[in-house]
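Here's a quick briefing to read alongside the model. Have the sequence and the 3D view open as you go.

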Amino acid sequence: MAESRKLAFAAFTPPSKGVLIVFCEEGLKFGPATRKALAPADDLVQRAAAADKFTGKSGSALDLVAPAGLPVARLVVMGIGKAGKLKTQDLVKLGGAAMGKVPARAEAASIFAEFAGGPLKPDQAAELALGTQLRAYVFDRYKTKRKEGEEAPAKPQITIAVNNAAAANKAWEQSRQPVADGVIMARDLINEPANVLYPEEFAKRATALKKLGVAVEVFDVPAMKKLGMHSLLGVGQGSRKDSRMVIMRWNGGKKSDAPVSFIGKGVCFDTGGISIKPAAGMEDMKGDMAGAACVVGLMHALAARKAKVNAIGAIGLVENMPDGNAQRPGDIVKTMNGQTIEIINTDAEGRLVLADVLHYVNTKHKPKFMIDLATLTGAIIVALGQEYAGMFSNDDRLCDRLTKAGQATMERVWRMPLGPEYDKMIDSKFADMKNTGGRYGGSITAAQLLARFVEKTPWVHLDIAGTALGSPQTDINKSWSSGWGVRLLNQLVEDHYER
Ligand code: BES
Ligand code: MN
Ligand code: ZN
């Protein structure tokens with residue numbers, strides 16, 4: 001199970017070794033505890049700043065090795081511009097940027113959580129800590145060798161100096177460490193190769209949430225056959241690995257409250273099936289379960305912080321393979337709610353999985369809303385790049401809330417259209433609908449199909465093909481997988497759905 005690195009909160013005591021990181025506002029302004037700690041090296045800092053024209057601008061830094069007057073190995077002064085302008089997400093980013101200044105071989109690092117106006121509040125220090133842990137994440141469990149001269153990283157002990165260490169630690173443990181661990185769990189699942197993480201193994205890892213008090217139900221192939229989930233099962237029928245559906249439930253709310261619900265696409269590997277994908281880049285399709293990984297990471301976060309909400313996490317786990325038993329183009333499958341889908345392209349498999357899981361959650365659990373996450377279409381990457389996820393919905397209020405949560409976490413969403421005009425694009429000659437809509441509006445026709453399985457329930461579909469995989473390098477992520485969505489949805493729940 002994912003665990004955060006070595007992290008502690010302590011009082012403002014100048015460290016005697018390792019790296020000392022302090023913050024500085026425009027005009028070379030330090031907070032009182034920082035000024036005191038730097039006093040023995042005041043002249044050095046002033047001269048270094050002058051020599052480097054460092055004034056404390058946001059994004060700039062002074063990096064001093066073996067600073068005279070201080071016992072530490074390194075002093076890093078990070079400019080933050082004006083503290084008054086910093087929002088919560090800037091504190092997370094700042095924590096990440098600070099972590100980025102710590103060399104892997106450092107034995108320890110101490111971050112002074114103080115701006116010119118004084119120490120950060122406990123919850124602000126916890127946001128800073130979140131940034132350090134997300135930045136420190138590496139997925140290296142399959143690296144057995146180091147290059148010549150490369151040292152083993154020391155994985156330094158990180159200390160965050162604050163005014164009230166106990167309060168900061170409490171804020172961290174109760175509200176932000178659960179989120180950090182959830183994001184890291186999602187990243188781990190996504191980075192894991194498909195020979196290790198196939199549906200049954202994925203279900204097993206989701207089952208580990210039981211330790212936190214999450215109720216977990218695993219449906220195997222016979223159980224799903226009984227429910228009539230032939231759309232999901234059709235996708236997995238060409239694989240040696242059996243499909244699974246996992247339903248997780250966290251009961252932190254009032255007994256009578258309808259649950260919120262999150263549904264994830266869990267295609268553990270997507271070859272495209274008989275409509276096979278080209279070879280180049282196909283290895284990335286081990287990440288076609290990022291939606292499901294996000295749901296598991298989110299359920300971890302909610303349970304670990306004992307969120308006062310009832311929540312369902314539902315994931316459809318399959319492997320899409322070409323095989324003698326694989327589904328063919330032209331095949332017609334019947335979904336759990338009795339509709340028929342003609343398969344035009346076996347590579348449009350995510351919607352087939354989600355159709356049955358959405359209907360199952362909707363009818364069985366009568367949720368307050370459903371939000372699904374899926375690496376559903378390449379077209380969404382063409383439309384939005386990697387900065388925004390595509391958002392499709394039948395509910396303006398839910399969209400509004402998600403847009404705001406996106407701005408607060410920098411996991412941003414951009415609303416795309418849906419509408420009956422698009423329906424004719426998925427009309428089939430032989431069945432109720434077909435699984436692809438042609439070249440135009442590929443992300444929209446995919447969402448349009450999903451809409452047929454949600455009825456009146458408020459629903460959002462997030463197409464995360466661009467944001468979840470091959471992530472751009474940011475201050476809080478250096479990994480191929482971002483764990484996108486865990487922080488966004490945790491924020492949504494925090495802001496609106498806890499009693
Ligand atoms: N998993 C892919 C979408 C994808 C592409 C995710 C790139 C992440 C990165 C999905 O199953 C798929 O193959 N979609 C097809 C749909 C088409 C056949 C209608 C696509 O986008 O090309
Ligand atoms: Mn596909
Ligand atoms: Zn796929």
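Two strands pair if DSSP finds at least two bridges between them, and strands (E, at least two residues) and helices (H or I, at least four) are DSSP runs, numbered from the N terminus. What you're looking at is a predicted model, where local features need pLDDT of at least 70, side-chain atom pairs count only at pLDDT 80 or more, and totals for chains, interfaces and linings use all residues. Residues are numbered from 1 along each chain as its sequence is written, chains are lettered from A and ligands numbered from 1 in the order in which they are written, and side-chain values use heavy atoms, with hydrogens and water left out.

**The open sheet**

- Strand β5 (residues 108-112) and strand β8 (residues 157-161) run parallel and are joined by 5 bridges.
- One of the residues involved is Ala108, whose bridge partner in β8 is Gln157.
- Helix α2 (residues 42-51) packs on the sheet, where it touches β3 and β4 (74-81); contact here means heavy atoms within 4.5 Å.
- The direction of α2 makes about 125° with that of β3, using axes fitted as lines to C-alpha atoms (for helices over the stretch in contact) and angles from 0 to 180 degrees between N-to-C directions.
- Zooming out, 6 strands form this open sheet with mixed pairing, in the order β1-β8-β5-β2-β4-β3.
- At the edges sit β1 (7-10) and β3 (61-65), each of which pairs on one side only.
- On average, neighbouring strands are turned by 20° against each other, direction ignored.

**The zinc site**

- Four residues supply the protein donors of the zinc ion (ligand 3): Lys265 (NZ), Asp270 (OD), Asp288 (OD) and Glu349 (OE), at 2.0 to 2.4 Å.
- Donors are N, O and S atoms within 2.8 Å of the metal (3.2 Å for Na, K and Ca), and since water is not among the atoms, sites may look incomplete.
- The arrangement counts as octahedral because the 6 donor atoms around the zinc ion (ligand 3) subtend angles of 78 to 174°.
- For the cut-offs, six donors are octahedral, and four square planar, if opposite donors are over 155 degrees apart and all others between 65 and 115; four are tetrahedral if all angles lie between 85 and 135 degrees; anything else is irregular.
- Along the sequence, the zinc donors follow the spacing K-x4-D-x17-D-x60-E.
- Lys265 lies in strand β11 (residues 260-270) and Glu349 in the loop between β14 (340-342) and α10 (350-365), so the pair ties together parts 84 residues apart in sequence.

**The manganese site**

- The manganese ion (ligand 2) is coordinated by Asp270 (OD), Asp347 (O), Asp347 (OD) and Glu349 (OE), at 2.0 to 2.2 Å.
- This site is irregular, with angles of 70 to 166° among its 6 donor atoms.
- Asp270 coordinates both the manganese ion (ligand 2) and the zinc ion (ligand 3), which are 3.1 Å apart.

**Cores**

- A nonpolar core is a set of buried Ala, Val, Leu, Ile, Met, Phe, Trp, Tyr and Cys residues joined through side-chain atoms within 4.5 Å.
- The largest one has 97 residues, and those with the most contacts inside it include Phe202, Met248 and Ile315.
- A second, separate core of 36 residues includes Val235, Val333, Ile341 and Tyr360.

How values were computed:
Buried < 20%, exposed > 50% of the residue type's maximum accessible area, 1.4 Å probe, protein only.
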